[in-house]
Amino acid sequence: MRDVFRTTRQVAPSRACVLIVGETGTGKELIARAIHDLSPRSTGPYIRVNCGALTESLLESELFGHVKGSFTGAVDNRTGRFEAAHTGSIFLDEVNSTSPKLQVKLLRVLQEGEFERVGDNNTKKVDTRIVAATNRDLLDEIDSGRFREDLYYRLNVVPIYLPPLRERRDDIEPLVLFFLKRYGEQNRREMRKVHPEAMRRLREHDWPGNVRELQNYVERSVILGNGPELLVEFLPPQLRGEAPPRPIRHRGGGADFGSLSVELVRQGIRAAGPNANDLHDRIVGQVERELIQQVLQTCDRVQIKAAARLGINRNTLHKKLSEYRIDENAPGGSARNGDGPGEPGDGSRADDPLPDDE
């Protein structure tokens, strides 16, 4: 975070575009506001636009404005956010949510400092500093065809990466005390310290919602608690170990195998504890066992088909079936070597060593 603050101070006096990258709740808007406040444009307007909250047509009108009659409901001329941010700064949050059509217009503003209102042919010039933020890897978005590469390089002049809270656990205690003081004053409560066990649980939580989640939990504890100390009983159920574990899901809303893998490994390491020395067996072994079981089921428990689907030879599969004792627990009986029920296959049984196929 000291690197983040140093970069923020260095880039603020310049005119360069800044791209802030980080998960939801890490404080991207705070950094964007700091860049504006520390810049020579601090006396000018600071305009924030959440690109993910509006449809394409509404976002285009919101950013660039429109003229009367340009579309249904346009009963008057309207000034867009870029015009409103003239001589100041504009913060484009969730810039990855913009459509390809809108990305072309954004690229033109970045390159030429000009645009047209929706339904207008007159070009307008604007002098504004652009700070953008995203909770997605834009290089992945480029590879999938959802984001323009030229716009990425225009925005990414100075990148600032905000690490998630779980990667900077030393920040948790000062943040807790800061929010405790803030919400204690706001709600006229005397809660000023944290019980050691409560702090331990706060430090060990994974914080999928990052600083925003921590802030909400502290505020809730101040409001619902009593006395001068934040106790474990004032924390939400998931920190007290009373709630079921959160389902693994991609926070961006889509099925992203890489993100699921990261979350799965993280949860496995956490569940194993700091002294575990068998993480490979605990995590990789469990995943491999589940993979083999599911593939066997989809292949009607025929080993030849399952081995081909897994990309391994039958001898390797047989060894893993024995290692994980999968056949013993199979709901439909042992896995078969042949190509189907009642077929001779290669004459071997499920418990016979198989010749190497390779």
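Which residues does Glu 62 touch, not counting residues up to four places away in sequence? Let's work through this and a few more exercises together.

This is a predicted model, where local features need pLDDT of at least 70, side-chain atom pairs count only at pLDDT 80 or more, and totals for chains, interfaces and linings use all residues. Residues are numbered from 1 along each chain as its sequence is written, and side-chain values use heavy atoms, with hydrogens and water left out.

**Exercise 1. Describe the surroundings of Glu 62.**

Step 1: Find Glu 62 in helix 3 (residues 56–64). Helices (H or I, at least four residues) and strands (E, at least two) are DSSP runs, numbered from the N terminus.

Step 2: List the contacts, meaning heavy atoms within 4.5 Å. Glu 62 touches Leu 54, Arg 78, Gly 80 and Arg 81, leaving aside residues up to four places away in sequence.

Step 3: Look for a polar contact (a pair of N or O atoms within 3.5 Å; within protein, one must be able to donate a hydrogen and the other to accept it, and residues adjacent in sequence count only if both atoms are side-chain atoms). The side chains of Glu 62 and Arg 78 make one, at 2.9 Å.

Step 4: Decide on burial. Buried means under 20% relative accessible area, exposed over 50%, and partly exposed in between (1.4 Å probe, protein chains only). Glu 62 has 12%, so Glu 62 is buried.

**Exercise 2. Check the length of helix 10 (residues 210–224).**

Step 1: Recall that the expected span of a helix is 1.5 Å times one less than its number of residues.

Step 2: Note the buried residues of helix 10, among them Val 211, Leu 214 and Tyr 217. Their cover includes helix 8 (172–186), helix 9 (196–204), strand 11 (229–230) and helix 11 (237–240).

**Exercise 3. Work out the strand order of the open sheet.**

Step 1: Two strands pair if DSSP finds at least two bridges between them.

Step 2: Five strands form the sheet in the order 2-5-8-1-9, with parallel pairing.

Step 3: Strand 2 (46–50) and strand 9 (158–162) are the edges, each pairing on one side only.

Step 4: Zoom in on strand 2 and strand 5 (residues 89–93), which pair in the parallel sense over five bridges. Here Arg 48 stands opposite Phe 91 in strand 5.
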